[in-house]
Amino acid sequence: MGQGRERHHYCICMFLAILMFTQAIGIKWRHFDVPSSVNRGSDTVLTCQYDLQGDLLYSVKWYKAGREFYRYIPDERPIKQKFPLAGVSVNLPESDDQTVSLLNVGLQTAGQYCCEVLTEAPKYSTLVKSGRLVVVDLPKDGPTVSGGQNEYRPGDKIDVNCSAPKSVPAPTLTWYINDDQAPHEYLVEYPSEEDDSGRIGATLGLHFTVRRWHFFEGQLTLRCTATVHRLYEEHALHTGAAVHSIPEELEYGTHLGDGAVSQESSLPSLLLISSSLFFVVVHRVVP
Ligand SMILES: *[C@@H]1O[C@H](CO)[C@@H](O)[C@H](O)[C@H]1NC(C)=O
């Protein structure tokens with residue numbers, strides 16, 4: 001008997017769990033998308049796809065930074081409405097209960113977008129999700145290197161610049177010396193001014209003294225890479241040949257010679273002083 005009673009309780013619990021489970025699900029997400037990089041001047045689509053699970057839709061509303069710019073309410077006329085908001089140009093005929101179509105994306109279009117879905121009585125479920133829209137205006141060209149020489153010898157100073165065309169956001173520049181990223185202390189950052197349309201360029205200088213070990217098979221290779229997020233990557237090269245007119249051994253030889261000469265010149269005077277001191281001492285003792 002006791003066992004049957006327990007089973008009975010068990011069944012009720014299961015029933016309640018299932019009931020609560022379905023109630024909690026009610027409405028659920030299928031797909032949400034706010035593009036994380038849109039080219040300036042292009043059109044784009046924000047997606048807010050949900051599964052009502054049998055519930056009735058009350059409203060879908062889209063907000064940018066807390067301000068509503070689009071709503072879809074099946075019980076209202078018109079069903080679709082857009083509200084003026086700077087930088088957000090809704091293409092109403094192309095928008096519906098699960099997507100919003102935006103025209104001619106500009107820098108002002110960038111920002112945080114939020115979709116809110118409400119269902120009808122009796123459940124009044126709510127779904128809210130947001131994402132950041134990023135607008136880009138990629139460089140039209142690759143970076144360029146200016147300055148520098150065709151040949152280098154150890155001890156020479158290298159002073160070159162890498163410049164990338166203006167873009168949104170500003171390009172990130174990186175210098176490599178023979179495939180190794182240049183140390184921070186070799187870099188000179190130059191400020192770049194924003195143009196009328198909000199684009200910013202970049203210039204990064206590379207300044208260091210050439211050492212013997214900078215040459216690889218008689219050549220020094222400098223590479224500058226310009227990137228914008230993961231959407232754009234271009235590079236520019238600067239190469240310089242090692243100067244061969246002065247072989248390594250000879251260069252070392254002259255340095256050693258210099259040292260030897262200065263030592264030799266001081267030796268005779270030392271001998272002269274010590275020998276004259278010896279003479280003075282001997283002269284005193286003898287008488
Ligand atoms: C590098 O660019 C800066 C800023 O434009 C300029 O002042 C400097 O002379 C340039 N150096 C070389 C080597 O071109």
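This is a predicted model: local features need pLDDT of at least 70, side-chain atom pairs count only at pLDDT 80 or more; totals for chains, interfaces and linings use all residues.

Neighbours within four places in sequence set aside, the contacts of A226 are P143, A164, T172, L173, Y232, E233 and E234. A separate comparison concerns P165: the C-alpha atoms of A226 and P165 are 9.4 Å apart, and the two residues are separated by 61 residues in sequence.

R71 is located in strand β5. Its relative accessible area is 18%, so R71 is counted as buried, again because the class requires a value under 20%.

The side chain of R71 forms a polar contact of 2.7 Å with the side chain of E68. Beyond four places in sequence, R71 touches V60, K61, E76, I79, K80, Q81 and F83.

## Aromatic pairs

How many aromatic pairs does a search of the whole structure find? The search returns 4 such pairs. One of them joins F32 and W62 in a stacked arrangement, with 6.1 Å from centre to centre and 15 degrees between the planes. This pair connects distant parts of the chain, since F32 lies in strand β1 (residues 28–33) and W62 in strand β4 (residues 57–64), 30 residues apart. Both partners are buried: F32 has a relative accessible area of 18%, while W62 has a relative accessibility of 1%. The pairing of rings also links W29, F32 and W62 into a cluster.

The rings of F69 and Y113 form an edge-to-face pair, because their planes stand at 85 degrees and an angle over 60 degrees falls in that class; the ring centres are 5.7 Å apart. F69 is in strand β5 (residues 67–72) and Y113 is in strand β8 (residues 111–119), so the pair ties together parts of the chain 44 residues apart in sequence. F69 and Y113 are both buried.

## A charge over a ring

A further contact of an aromatic ring involves an arginine. The charged end of R223 sits over the ring of Y176, at 4.4 Å from the ring centre.

## Ligand surroundings

Which residues surround the ligand? They are S146, D159, N161 and Y190. For N161, a polar side-chain atom lies 2.2 Å from an oxygen atom of the ligand. On its own, the ligand has 360 Å² of accessible area, and the protein covers 47% of this area.

## The chain as a whole

The protein chain contains 2 helices and 19 strands.

The accessible surface of the chain is about 18,600 Å², and carbon and sulfur atoms account for 56% of it. Considering contacts between residues at least 6 apart in sequence, 60% join residues at least 24 apart.

Terms used. Residues are numbered from 1 along each chain as its sequence is written. Side-chain values use heavy atoms; hydrogens and water are left out. Rings of Phe, Tyr and Trp (its six-membered ring) pair if their centres lie within 6.5 Å; planes under 30 degrees apart count as stacked, over 60 as edge-to-face and the rest as tilted. Helices (H or I, at least four residues) and strands (E, at least two) are DSSP runs, numbered from the N terminus. Buried means under 20% relative accessible area, exposed over 50%, partly exposed in between (1.4 Å probe, protein chains only). A charge sits over a ring if NZ of Lys or CZ of Arg is within 6 Å of the ring centre and within 35 degrees of the ring normal. Contact means heavy atoms within 4.5 Å. Accessible areas come from the Shrake-Rupley method with a 1.4 Å probe; for residues, only the protein chains shown count as cover. A residue is near a molecule or strand if one of its heavy atoms lies within 4 Å of it. A polar contact is a pair of N or O atoms within 3.5 Å; within protein, one must be able to donate a hydrogen and the other to accept it, and residues adjacent in sequence count only if both atoms are side-chain atoms.
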